[in-house]
Amino acid sequence: ISFTFASFCRITALAVLSFSLAGCGLMDYGGGGSGTRGTKTYTVRGKTYRPYLSADGYREDGVASWYGRDFHGKTTANGETYNQYAMTAAHKILPLGTQVRVTHLGNGRAIIVRINDRGPFVDDRVIDLSRAAATRLNVVGPGTARVRVQSLGGVDRMQEDGDLTGA
């Protein structure tokens, strides 16, 4: 078989194009393709959210709300079964699995929760607490409260009730 230079160029260009296009199916251009768990881009009610790749240094003041019975037993964004009695919370853009300190700015109470779900999808709210977390902060009665949310990085000794085991 004899090839002309033009044939060689066409075959090479076709091969390069094929390999380039094949790689596109493996890419996640939504910002969550970095391999960092819990950072996949998602859309709710026409709004797209791009979770952070890291929660290092995160701090935000805003309104907390809580969710309980209606979601108890349902699947959360990270695939867990929601337990309203666990010390967990939903956040729109922190990586799933992030542990945060939530401080009630009105009464000074503070708790530690793990982000395992997405939400709240109400404009002025920054975090949705489980019933247990909201109870500890005294948020259940009023329904909402002004809070400060601060990432803790990797707190690997947190127990299910939000307390920390020995140092």
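**Close-up 1. Lining of the second largest pocket in a predicted model.** Among the 14 residues that line this pocket, Tyr67, Phe71, Arg118, Phe121 and Asp128 lie nearest its centre. A pocket is an open set of points on a 1 Å grid over the protein atoms alone, where a 1.4 Å probe fits, with protein on both sides within 12 Å along at least five of seven lines; lining residues have an atom within 4 Å of a point. The volume of the second largest pocket is about 210 Å³, taken as the space filled by probe spheres set on the points. Its lining has 6 nonpolar, 3 polar and 5 charged residues.

**Close-up 2. The largest pocket.** This pocket holds about 280 Å³ of space. It is lined by 15 residues, and Lys47, Tyr49, Lys92, Asp123 and Arg125 are the closest to its centre. Strand S2 (47-49) and strand S7 (125-130) each give two or more residues to the lining; strands are DSSP runs (E, at least two residues), numbered from the N terminus. By class, the lining has 7 nonpolar, 1 polar and 7 charged residues.

**Close-up 3. Surroundings of His91.** His91 sits in the loop between strand S4 (88-90) and strand S5 (99-104). With a relative accessible area of 2%, His91 is buried (under 20%, 1.4 Å probe, protein chains only). Its side chain reaches the backbone oxygen of Val126 at 3.3 Å. Residues in contact with His91 (heavy atoms within 4.5 Å) include Tyr42, Tyr58, Glu60 and Arg118, leaving aside residues up to four places away in sequence.

**Notes.** Residues are numbered from 1 along each chain as its sequence is written, and side-chain values use heavy atoms, without hydrogens and water. In this predicted model, local features need pLDDT of at least 70 and side-chain atom pairs count only at pLDDT 80 or more, while totals for chains, interfaces and linings use all residues.

Note on methods:
Helices (H or I, at least four residues) and strands (E, at least two) are DSSP runs, numbered from the N terminus. Buried means under 20% relative accessible area, exposed over 50%, partly exposed in between (1.4 Å probe, protein chains only). A polar contact is a pair of N or O atoms within 3.5 Å; within protein, one must be able to donate a hydrogen and the other to accept it, and residues adjacent in sequence count only if both atoms are side-chain atoms. Ala, Val, Leu, Ile, Met, Phe, Trp, Tyr, Cys and Pro count as nonpolar, Asp, Glu, Lys and Arg as charged, and the others, Gly among them, as polar.
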